[in-house]
Amino acid sequence: MLTVSSTVLWGVAHLATDRRKTGVALMAAYLLMIAGILVLFTAYSSHLLSLAVQPRWLIVLTVALVVIALAWTSVIVWSFLLVRPPRSDTIGRFLTTTLTVALCALILAPTAYATRLTYLSRDVVNTLFPSSNGSPILATDPWNGANRVNFLLLGGDSAPGRPGVRTDSVTVASVDTKTGATTLFGLPRNLQRVQLPAGPARNRFPAGFTGSGPDTPGLLNEIFQFGEDHPDLVPGVQKGKRGPALIKQTVSDILGIPVHYYALVDMRGFAQMIDAMGGVRVTIKQPIVYGRYREGLLPAGTRKLTGSEALWFGRSRTDSDDYARMGRQKCLLNAVAKQANPMTVLNSFEQLAAATKRTISTDIPQEVLPAVVELAQKVKGAKMRSLSFVPPLINTADPDWHLIRRKVAEALDARQPKPATDVRTPAATQSPDNPISLDATCG
């Protein structure tokens, strides 16, 4: 009992054996440690997630956990040695020794698990996010004074027999850096005659991107891979970064706003991430048929989708079109963002970490990650709005680029009384003037 008590409160066994100074010192150290942990998880709770994406702090956390665990187990063993039964009590010694080993394991096992998580976190951060080599601008102001930061979200659909990656989902999330209010701008994959950035790319396609053969008929979703395959379009940019550089500047020119960062998510990997989360819950208004041979059906109603079902939910064009699919993709992104709470992430962290490394590529620097995490918390508590540049608003075969930029400016103008709207197909029940608040209700 004295050993158990010393596990819960250091120094009990020492006081019981008249080692008062040592007992009081151990109690004081224990109470200070508990107080420090409580302060960390209360006063600084909002910053903990930010620390979790900083490799240096992850190392500090790992060292701190190991030191605390070793100190704790040392106190347990020390306490047991002071109060253990005499040698003549063989059964008593065996039982109390077994209990002491179990108490040490109770401390060391969670520490080993937490250390594993910190190692995985550090590995994910170092694998996915490049280092900006401590840019002083990033260190003082991650957004460089901008009121909004714009993230280009790409859904890549690579498949056997298809060369390269086709970015079939192109969305820009424009986030207010103070409030987290977000507007999603969706561009259809089949946008034609897209004007490429000034320089070698535009010189090659002065009348807009038209591709180069049957594999590239000249759609927006081909530009990413086209840039990778043609270094002369993006001179001075290394392999693996040419596609992102070209599509970022292209989308920036289309919308008339700067694109600061991009993230490319492989759609099959996205399904693995959803499975690691335990699924994603959405409300489907109308049944969704999927598959080339109509082999699957997602019934209407509120249900939790598996990764495979969510993939079909976001990809299916059976009995619908690209524009309905775009709406479902944004709905799915929003549902995942709302449901990926810290506990869900923690419970499936190892699977998520593995899926994330296989699934995502991005140019967000490590130094910006803490600010991105803090901004993400604001986004979760704010409303998302959507504006999709699809028919009847935009003719994808002959887009009105000036109209697109004007609509973007109106949506982001704080003085505008109307929020952004989601314009889908001609059969949509919403008119271009009706506001739509994006939530997890999909159809």
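1. H14 is buried, because its relative accessibility is 0%; buried means under 20% relative accessible area, exposed over 50%, and partly exposed in between, with a 1.4 Å probe and protein chains only. H14 is part of helix α2, residues 12-16. Helices here are DSSP runs of H or I with at least four residues, strands are runs of E with at least two, and both are numbered from the N terminus. Apart from neighbours within four places in sequence, H14 contacts R19, R20, T22, G23, L26, W78, S79 and L82, where contact means heavy atoms within 4.5 Å.

2. This is a predicted model, in which local features need pLDDT of at least 70 and side-chain atom pairs count only at pLDDT 80 or more, while totals for chains, interfaces and linings use all residues. Residues are numbered from 1 along each chain as its sequence is written, and side-chain values use heavy atoms, with hydrogens and water left out.

3. The chain has 17 helices and 12 strands. Of its 443 residues, 45% are buried. Among contacts between residues at least 6 apart in sequence, 68% join residues at least 24 apart.

4. The largest nonpolar core contains 36 residues, and L255 and F389 have the most contacts inside it. A nonpolar core is a set of buried Ala, Val, Leu, Ile, Met, Phe, Trp, Tyr and Cys residues joined through side-chain atoms within 4.5 Å. At least two residues of this core come from each of β1 (148-156), β2 (167-176), β3 (182-187), α9 (223-229), α10 (242-255), β4 (261-266) and α17 (401-412). Not counting residues up to four places away in sequence, L255 touches V172, F185, L187, F389, I404, R405 and V408. A second, separate core has 25 residues, including L120, A173, F349 and L369.

5. Two packed helices are described by the angle and the distance between their axes. For α11 (residues 267-277) and α12 (residues 307-315), the axes come within 7 Å and cross at roughly 135°. Axes are lines fitted to C-alpha atoms, for helices over the stretch in contact, and angles run from 0 to 180 degrees between N-to-C directions. The two helices are therefore oblique to each other.

6. A181 sits in the loop between β2 and β3. A181 counts as partly exposed because its relative accessibility is 31%. Leaving aside neighbours within four places in sequence, A181 contacts R148, S174, V175, D176, A382 and K383.

7. Some backbone values deserve a check. Most residues other than glycine have a negative phi, and most peptide bonds are trans. D18, which is not a glycine, has a positive phi of about 65°. D18 lies in the loop between α2 and α3 (20-42) and is exposed, at 60% relative accessibility. R193 also has a positive phi, near 55°. R193 is in the loop between β3 and α8 (200-204) and is partly exposed, with a relative accessible area of 43%. The peptide bond from P391 to P392 is cis, with omega near 10°. P392 belongs to the loop between β10 (384-388) and α17.

Technical notes. Parallel < 35°, antiparallel > 145°, perpendicular 65-115°, else oblique.
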